[in-house]
Amino acid sequence: MRILVTRRWPQEVERELQQYGEVTLNEEDEPLSEMQLRAALSDFDIVCPTVTDQLNAQVLASVSDPRTKLLANFGVGVNHIDLQQARQMSIQVTNTPGVLTHATAEIAMALLLMSARRTGEGERHLRAQAWTGWRPTHMLSHQITGGTLGIVGMGRIGIAMARKAHHGFGMSILYYSRSPLDDSIALELGARQVSLEELLSLSQFVSLHCPATPATHHLIDEQALRLMRSDAHLINTARGDVVDEVALVNALKKGEIAGAGLDVYEMEPALSPGLMALENTVLLPHMGSGTSETRIAMGRCAMDNVAAFVQGIPLPNQVEKV
């Protein structure tokens, strides 16, 4: 088996992967071009992509007789892979669910705290040597304890975020999701399922945890932002294109919402014009799952899918939905 790892993994997992075939690593650790991705589909039995590899319908369909029969994705989100085209080409797709739940919920909680308490702005103020000392009205911010958190997408990460917020900070939980929570979890969290419109209008903090699909593209657009409270903060650790970034920049500039904490971006690594200049934003470089423990677990989860494919047994994390 010829296996391509498109971006570098933790070294111990790269070593472990070698027991399943001839492994080729991307030594430069730079995103692959469309030409390189096409060549990979022709030359390797298994390709292990990440979110930086745009395996869209055009790229996949351009390879008439692909050698690749498994895309073992390093990550949960697979919006960078055209699942329908892959299925038509008899290419199986797997992902790495479950292992990054708490790391991503932690970074969402960090962004919520940083945005509400203006910590990024405060640190910049201090490092610029502009601080002249304590005074009662300096850099007032919003307390999150006892506030209302609206969660969009109540899957594993959304539930983990709700638990941290409710049990740690006494926050009330509203949620918008396709399916209701199990009664026991809803009771534990005191969580109430509402419409998106109600969630946006009532929540002091809105945290996005939904997958990137055609239905969620620009779910938070100009109209949605206008529904939010003027003291509300928007947190996005899901996928960048869930938010219309141009509309978000305008809303932040006009003070229509109080702030935003972002770990993902619509055109990443590029940012929408004007976003970086805003003081009422906290911007992180897509580091939600970026703990050593989580990245090792993600690699081993992807490797489990590779191992199952090599052994000809059912894939543990096959992505079925299109």
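I call a residue buried when its relative accessible area is under 20%, exposed when it is over 50% and partly exposed in between, with a 1.4 Å probe and protein chains only. By that rule I record Thr 104 as buried, because its relative accessible area is 6%.

**Basis of the entries.** I am working on a predicted model, in which local features need pLDDT of at least 70 and side-chain atom pairs count only at pLDDT 80 or more, while totals for chains, interfaces and linings use all residues. I number residues from 1 along each chain as its sequence is written, and side-chain values use heavy atoms, with hydrogens and water left out.

**Thr 104.** I located Thr 104 in helix 5; helices (H or I, at least four residues) and strands (E, at least two) are DSSP runs, numbered from the N terminus. I then listed its contacts, meaning heavy atoms within 4.5 Å. Not counting residues up to four places away in sequence, Thr 104 touches Ile 157, Thr 237, Gly 288 and Ser 289.

I traced an open sheet of seven strands in the order 8-7-6-9-10-11-12, with parallel pairing; two strands pair if DSSP finds at least two bridges between them. Strand 8 (192-193) and strand 12 (281-283) stand at the edges with a single partner strand each, so one side of each has no neighbour in the sheet. Strand 6 (residues 148-152) and strand 7 (residues 172-176) are joined in the parallel sense by five bridges, and I noted Leu 174 in strand 7 as the bridge partner of Gly 150.

Helix 5 (residues 101-117) lies across strands 6, 9, 10, 11 and 12, at about 155 degrees to strand 10. Helix 11 (residues 245-254) lies across strands 10, 11 and 12, at about 140 degrees to strand 11.

Strand 3 (residues 46-48) pairs with strand 4 over two bridges, and Val 47 stands opposite Leu 71 in strand 4.

I found Gly 299 in helix 12 (residues 292-311), buried at a relative accessible area of 0%. Leaving aside neighbours within four places in sequence, Gly 299 is in contact with Trp 9, Val 13 and Phe 74. Its C-alpha atom is 6.0 Å from that of Val 13, 286 residues away along the chain.

I searched for aromatic pairs, in which rings of Phe, Tyr and Trp (its six-membered ring) have centres within 6.5 Å; planes under 30 degrees apart count as stacked, over 60 as edge-to-face and the rest as tilted. The count is one. The ring centres of Trp 9 and Phe 74 are 5.2 Å apart and their planes stand at 35 degrees, so the pair is tilted. The two residues are 65 residues apart and sit in loops, and both Trp 9 and Phe 74 are buried.

**Cysteines.** I counted zero disulfides, a disulfide being a pair of cysteine sulfur atoms within 2.5 Å. For Cys 48, the nearest cysteine sulfur is that of Cys 301, 12 Å away. Cys 48 is buried at 0%, and Cys 210 counts as buried at 8%.

Technical notes:
Axes are lines fitted to C-alpha atoms, for helices over the stretch in contact, and angles run from 0 to 180 degrees between N-to-C directions.
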